[in-house]
Amino acid sequence: MVSHLNSEHPANLLVGPDTGDDAAVWRLDDDRALISTADFITPVVDDARTWGRVAAANSVSDVYAMGGRPLFALNLVGWNTDKLPTELLGDVLAGGQDIATEAGFVIAGGHTIDDPEPKYGMAVTGEVHPDRILTNAGLRVGQDIILTKPLGIGVLTTAIKAGRATPDQADAAVASMTRLNDVGSRVALAAGATGCTDVTGFGLVGHLGRMALESHVSVTVTFDAVPFLPGAVDLAADGVMPGGSRRNLSWALEFVDVDGHDEVHQLLVADAQTSGGLVFGVDPSETAGVLAELAATGHVAAHIGTVTAGDPGLLLR
């Protein structure tokens with residue numbers, strides 16, 4: 001996966017769309033490679049500055065998922081200038097700047113278009129060592145699977161919009177979405193991970209299932225080991241579920257064996273995340289240390305499964 005250095009890949013393209021990753025990586029020299037990625041989202045919360053923080057954290061996540069660090073970004077904005085005041089856009093951009101300051105990268109400019117539905121995100125450029133790139137195809141037989149954030153963002157943001165989330169549940173969702181994946185990336189690299197992705201719109205089964213396919217391995221996930229945000233499981237059982245999660249599950253069933261789990265369980269692991277955590281594989285000897293370090297930095301992380309030889313895909317136990 002990281003060996004695409006022949007003439008078919010111009011400018012020393014190391015990782016591109018053919019790999020299933022959400023970013024492209026180009027080698028500059030023996031010690032440096034550039035990561036390029038972009039993402040934007042519609043509002044997931046009512047507060048403009050908070051939405052800006054969530055969108056920026058979501059946009060920069062792919063850089064961390066590949067083991068890199070962000071250098072600079074361009075704002076990407078769709079704004080309804082007839083209905084929304086520019087002062088409100090200023091709050092959104094301030095939220096983006098909050099994340100840039102926290103992560104240590106520069107917002108170098110951006111582009112805005114008229115759009116009936118507001119959208120915000122970033123095009124982010126980062127750097128990574130060419131020999132330390134984390135990819136979708138990097139899982140290895142025998143590894144443990146680590147998840148760095150709880151699932152349930154899709155359920156909770158749907159509940160927030162419907163007025164069904166408690167203040168504590170909403171606060172937990174925002175805290176999760178605005179937490180950067182920088183620490184998770186650093187911990188994964190230090191533990192010798194080679195395969196990693198972030199869990200975003202396609203849910204855990206979509207992103208981890210894709211990793212299993214790209215890595216040509218079988219991944220078993222234990223449902224009871226998967227952490228969920230407070231209230232997410234009960235809300236899902238009451239029918240609160242974004243349409244994207246149902247689409248995720250319908251697509252993922254081609255390579256996921258649900259092993260008798262009911263629809264609620266299936267939808268929860270397919271829940272469409274916004275600015276979700278990282279999922280990566282490490283040698284079992286590293287698992288306890290990884291979980292301890294993540295817990296010490298405020299993460300609700302878990303060992304959720306294992307990698308084995310077999311037909312590529314994902315098995316839910």
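A salt bridge here is a side-chain nitrogen of Lys or Arg within 4 Å of a carboxyl oxygen of Asp or Glu. With that cut-off, a search of the whole structure turns up 9 salt bridges. Everything below comes from a predicted model, in which local features need pLDDT of at least 70, side-chain atom pairs count only at pLDDT 80 or more, and totals for chains, interfaces and linings use all residues. Residues are numbered from 1 along each chain as its sequence is written, and side-chain values use heavy atoms, with hydrogens and water left out.

**View A. Arg-69 and Glu-127 join up in a salt bridge.** The N to O distance is 2.7 Å. This pair links distant parts of the chain: Arg-69 sits in strand E4 (residues 69-79) and Glu-127 in strand E6 (residues 119-128), 58 residues apart. Strands (E, at least two residues) and helices (H or I, at least four) are DSSP runs, numbered from the N terminus. Arg-69 counts as partly exposed at 47% relative accessibility, and Glu-127 does so at 21%. For these labels, buried means under 20% relative accessible area, exposed means over 50%, and partly exposed is in between (1.4 Å probe, protein chains only).

**View B. Here Glu-293 meets Arg-186 across two helices.** Their side chains form a salt bridge of 2.9 Å, N to O. Glu-293 belongs to helix H10 (residues 284-296) and Arg-186 to helix H5 (residues 182-190), so the pair ties together parts that are 107 residues apart in sequence. Glu-293 is partly exposed, with 32% relative accessibility; Arg-186 is partly exposed too, with 42%.

**View C. Asp-259 and Arg-317 make another salt bridge.** Look for 2.9 Å from N to O. Asp-259 is in the loop between strand E10 (256-257) and helix H9 (263-269), while Arg-317 is in the segment after strand E13 (313-316), and the two are 58 residues apart. Asp-259 is partly exposed, at 38% relative accessible area, and so is Arg-317, at 46%.

**View D. Four acidic residues make a negative surface patch.** The members are Asp-46, Asp-47, Glu-87 and Asp-91. Patches like this are made of residues with over 30% relative accessible area and no salt bridge, with like charges joined within 9 Å (the cut-off for nonpolar side chains, Val, Leu, Ile, Met, Phe, Trp and Tyr, is within 5 Å). Asp-47 is found in the loop between strand E3 (33-41) and helix H1 (48-65), and is partly exposed at 45% relative accessible area.

**View E. Thr-37 and Asp-62 touch through their side chains.** They make a polar contact at 3.1 Å. That term covers a pair of N or O atoms within 3.5 Å; within protein, one must be able to donate a hydrogen and the other to accept it, and residues adjacent in sequence count only if both atoms are side-chain atoms. Thr-37 lies in strand E3 and counts as buried, at 6% relative accessibility.

**View F. The side chain of Gln-143 reaches a backbone atom of Arg-140.** A polar atom of the Gln-143 side chain lies 2.9 Å from the backbone nitrogen of Arg-140. Gln-143 is placed in the loop between E6 and strand E7 (144-147), and is buried, with a relative accessible area of 9%.

**View G. His-216 has a positive phi.** Most residues other than glycine have a negative phi. In His-216, phi is near 60°. This residue is in the loop between helix H6 (203-215) and strand E9 (218-221), and counts as exposed at 61% relative accessibility.

**View H. Ser-275 also shows a positive phi.** The value is near 55°. Ser-275 lies in the loop between H9 and strand E11 (278-282), and is buried, with a relative accessible area of 2%.

**View I. Leu-180 and Ile-99 are 81 residues apart along the chain.** Their C-alpha atoms are separated by 8.2 Å. Leu-180 is in the loop between helix H4 (167-178) and H5, and is buried at 4% relative accessible area.

Technical notes:
Areas by Shrake-Rupley, 256 points an atom, 1.4 Å probe, with all protein chains shown as cover. Lys, Arg positive; Asp, Glu negative; His and termini not counted. Charge placed at Lys NZ, Arg CZ, Asp CG, Glu CD.
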